[in-house]
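Biologist: I am new to this structure, so please show it to me first, and then let me ask what stands behind each word that you use for it.

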Amino acid sequence: MKRFSNWKSIYNTSMCMTYASFIGLALKTYSIPINWTVGNELLRHTLGAILIVVHIWATFEQYEVLGMFGWFFGDFFMDEFSAHLEYTGIYRYLNNPEIMSGAAFFGLALISGSKLVFTLAVIRHLSQLWFLSTVENPHMRKLYGDSLRSDAGFVKVIKKVARKNARLLESRAGRHAPEIKRVAKEVKGTFDKVYSETAEALEEFLAVSKPKISGVVQDTKVLLQQSRERLIISRVANDLSHYDSTKYHLSIIPSALDDSSSFHLGEPIRVKWTAPSHHSRRDWIGIYRVGANAHSQVTKVSSLGMWVPVHDEEWDGDIPLDLHRPNRPDVDSEGEVVFQADKLPWQCGTYEIRYHHAGKYNVMSMVGPIKIFVDKPATLDFQSVRSSLARIVPLCLDSDPSLIPLSCKASEDGITEVDGRDPDDFRFWSESQAKRISKAIVQAFGVELTREVIIADANLGALANRILVSRDLLSQ
């Protein structure tokens, strides 16, 4: 189910990008005719509009018959369905109405009058034919067997009419009938040859381009992962001359688990700060991946919500309460802030912490690097996986005694009371806590479990068993 959901997102995104980019190119190359009655301008626009309408109609007809499951090729991902075909709607007349989905591309090519747009429309149509012949049709034959018809209703009608006219022509052709048959066979053979050579050329092109395409896909994946961070920020303060940055200082309180600058995923990170007199009460501190910011004087990427105010009473969420309040206090100050819960990074890696001035993005002090890691068992057996989960889950649940498993509290505080539930059971306050556990499990065990699965299990032993079964399936 998870891979089908991911595929739907990828397929829908790529399809929308294809249409949007093609329409953008057509608009870029299009110019409004000065005189619609000169040449073939009116004809081109009329035929193009008709093709676009045919495309839209065919698309809606397909979706009405296939629904969400068939539209996103659900039978490639799931086995729990009836392997039986029923030809209704547009499928009564066409086996592959997807071919008509290229009509809008040729319609836009006609309207724009651009050779480039027409070339791309042809390439897109050939790619669609290649996909149908080498991927979809073999899969359909394998899946549905004899229930897959060879000729569509429209093709049957055309063949019937063609056979009738052929017999009529043969009866009237007399002695020229053999020659007409020979010419017809030659023409048919020519079309078959052109089709097969085109398919071979396209397959060869894709085979040669596969390394480049793979590289582009990998680069795109990296860019998408980092896109949320690449938010250029231009808001900087203009009163820095009044402040001495050497009097700002940050220091990290070592981890309570091992007294080092390495923190387990989900473990609160405490930071001490000092600032000079008259520092802005709208100062704030953020945590970032090492290398995400190219400059040490100005932060140019989004904190993604991983920041805390120096003076919490001066903020209402992300908004300063009053921009015109005077700076306080009049003496040097120091304090402590804590990164915890959703203010923490829930991805292992190396991070740095930055002190920012007056609600802006000027960096007054910086400390790091600090390492965030996750506990990975040396061997994958039930006891080791459960022990790792016993460390991961409480941190993901903010170490809330009312949420964490009783077995974890017993190991920490000697508490052994049982309130009628399994000692390994745990609870949630929000779905974000289940999402944290999901992220931690992926990084610790290489197994992806959805939030719904984690909420349904909500038990250390059940999750450990599920992780081991998933690992066995992946290894096979």
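Biologist: Where is the place of Glu 313?

Modeller: Glu 313 sits in the loop between β5 and β6 (315-316). Strands here are DSSP runs of E with at least two residues, helices are runs of H or I with at least four residues, and both are numbered from the N terminus. This is a predicted model, in which local features need pLDDT of at least 70 and side-chain atom pairs count only at pLDDT 80 or more, whereas totals for chains, interfaces and linings use all residues. Residues are numbered from 1 along each chain as its sequence is written, and side-chain values use heavy atoms, with hydrogens and water left out.

Biologist: What makes Glu 313 count as buried, partly exposed or exposed?

Modeller: Buried means under 20% relative accessible area, exposed means over 50%, and partly exposed is in between, with a 1.4 Å probe and protein chains only. Glu 313 has a relative accessible area of 47%, and therefore it is partly exposed. Its C-alpha atom is separated by 9.0 Å from that of Arg 281, which is 32 residues apart from Glu 313 along the chain.

Biologist: How many helices and strands does the secondary structure of the protein chain come to, and what share of the chain do buried residues make up?

Modeller: The protein chain has 11 helices and 10 strands, and 34% of its 476 residues are buried.

Biologist: Why is helix α3 described as largely enclosed?

Modeller: Helix α3 covers residues 103-112, and eight of its 10 residues are buried, so the rest of the structure largely encloses it. Among these buried residues are Phe 105, Leu 108 and Ile 111. The residue that follows α3 is Gly 113, and its phi is positive, near 70°.

Biologist: What is the order of the sheet of five strands, and which of these strands stand at the edges?

Modeller: The five strands form an open sheet in the order β2-β10-β9-β4-β5, with mixed pairing; two strands count as a pair if DSSP finds at least two bridges between them. The edges are taken by β2 and β5 (307-309), each of which has a single partner strand, so one side of each is left without a neighbour in the sheet. Neighbouring strands of this sheet are turned by 30° against each other on average, direction ignored.

Biologist: How do you know that the strands of this sheet pair, and in which sense do they run?

Modeller: Three bridges join β2 (residues 262-264) to β10 (residues 363-373), and these two run parallel, with Phe 263 opposite Ile 372. β9 (residues 349-356) and β10 pair in the antiparallel sense over seven bridges, and here Tyr 351 stands opposite Ile 370. In the hairpin of β9 and β10, with six residues between the strands, Ala 358 has a positive phi near 55°. β4 is joined to β9 by six bridges and to β5 by three, and it runs antiparallel to β9 as well as to β5. Ile 285 has a bridge partner in β5, Val 308, and another in β9, Tyr 355.

Biologist: What makes strand β4 mostly covered?

Modeller: Five of the six residues in β4 (residues 284-289) are buried.

Biologist: What is the order of the open sheet of three strands?

Modeller: The order is β1-β3-β8, and the pairing is antiparallel. β1 (249-252) and β8 (333-339) each have a single partner strand, so one side of each is left without a neighbour in the sheet. Four bridges join β1 to β3 (residues 269-275), and Ser 251 stands opposite Lys 272 in β3.

Biologist: Why is α7 called oblique to α11?

Modeller: The axes of α7 (residues 382-396) and α11 (residues 460-475) come within 9 Å and cross at roughly 125°. These axes are lines fitted to C-alpha atoms, for helices over the stretch in contact, and angles run from 0 to 180 degrees between N-to-C directions. Angles under 35 degrees count as roughly parallel, over 145 as roughly antiparallel, 65 to 115 as roughly perpendicular and the rest as oblique, and that makes α7 oblique to α11.

Biologist: Which residues of α7 meet α11?

Modeller: With contact meaning heavy atoms within 4.5 Å, the residues in α7 include Phe 382, Leu 389 and Val 393, and those they meet in α11 include Leu 460, Ala 464 and Leu 468.
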